[in-house]
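Please keep the sequence and the structure in view while reading.

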Amino acid sequence: MDSFAALSDPTRRAIVERLARGEMAAGDIVAAFSLSAPAISQHLKTLRQAGLVRVRGEGQRRIYSLDPDGLDGMEAWIASTRRFWSTRLDDLAAALDTPDDDTETSR
């Protein structure tokens with residue numbers, strides 16, 4: 001699943017926000033929400049498949065943390081898009097600031 005699509009769900013965004021504060025055991029993530037353990041497990045699976053979180057085993061516990069590589073990919077896309085639009089908007093502002101010869105002669 002695409003990272004942005006994975007984050008379109010408010011529960012998954014909330015999970016990512018919690019994990020941004022530090023790693024958490026799966027049980028602690030479940031306890032933080034009013035959803036069933038299987039529902040949270042499905043959200044965590046989606047986030048893992050999107051490359052946004054990673055999991056490691058610690059005995060019988062599953063410990064989740066943010067995956068910096070997945071976040072870096074999103075950040076790179078945002079930066080690229082921002083550069084594209086920044087340049088285009090600067091060009092538009094310059095064009096709007098330039099007087100149009102036809103407008104000047106018709107007044």
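## Basis of the description

The model is predicted: local features need pLDDT of at least 70, side-chain atom pairs count only at pLDDT 80 or more, and totals for chains, interfaces and linings use all residues. Residues are numbered from 1 along each chain as its sequence is written, and side-chain values use heavy atoms, with hydrogens and water left out.

## Overall fold

The protein contains 6 helices and 3 strands. These elements are DSSP runs numbered from the N terminus, where a helix (H or I) has at least four residues and a strand (E) at least two. Along the sequence, their order is α-α-β-α-α-β-β-α-α.

Of the 107 residues in the protein, 28% are buried. Buried means under 20% relative accessible area, exposed means over 50%, and partly exposed lies in between (1.4 Å probe, protein chains only). The accessible surface comes to about 7,400 Å², and carbon and sulfur atoms account for 51% of this area. Accessible areas come from the Shrake-Rupley method with a 1.4 Å probe; for residues, only the protein chains shown count as cover.

Contact means heavy atoms within 4.5 Å. Among the contacts with a separation of 6 or more, 51% join residues 24 or more positions apart.

## The nonpolar core

In soluble globular proteins, nonpolar side chains tend to be buried together. A nonpolar core is a set of buried Ala, Val, Leu, Ile, Met, Phe, Trp, Tyr and Cys residues joined through side-chain atoms within 4.5 Å. The largest such core here has 18 residues, and those with the most contacts inside it are Ile15, Leu19, Ile29, Leu47, Leu52 and Tyr64. Two or more residues of this core come from each of helix 2 (10-19), helix 3 (26-31), helix 4 (37-49) and strand 3 (61-66).

## Leu52 and Ser3

Which residues does Leu52 contact beyond its neighbours within four places in sequence? Its partners include Ser3, Ala6, Leu7, Leu47, Leu71 and Met74.

Ser3 belongs to helix 1 (residues 3-6). With a relative accessible area of 13%, Ser3 is buried. Not counting residues up to four places away in sequence, Ser3 touches Ala50, Leu52 and Met74.

## Salt bridges

A salt bridge is a side-chain nitrogen of Lys or Arg within 4 Å of a carboxyl oxygen of Asp or Glu. The whole structure holds 3 salt bridges. In one of them, Glu23 pairs with Arg56, the closest N and O atoms being 2.5 Å apart. Glu23 lies in the loop between helix 2 and strand 1 (24-25), and Arg56 lies in strand 2 (residues 53-58), so the pair ties together parts that are 33 residues apart in sequence.

Arg56 also meets Glu58 in a salt bridge (2.9 Å, N to O), and Glu58 in turn meets Arg61 (3.4 Å, N to O). Glu23 is partly exposed at 47% relative accessibility, as are Arg56 at 35%, Glu58 at 37% and Arg61 at 44%.

## A nonpolar surface patch

Trp85, Leu89, Leu92 and Leu96 make a nonpolar surface patch of about 460 Å². Patches are made of residues with over 30% relative accessible area and no salt bridge: like charges are joined within 9 Å, and nonpolar side chains (Val, Leu, Ile, Met, Phe, Trp, Tyr) within 5 Å. Leu89 is located in helix 5 (residues 68-97).
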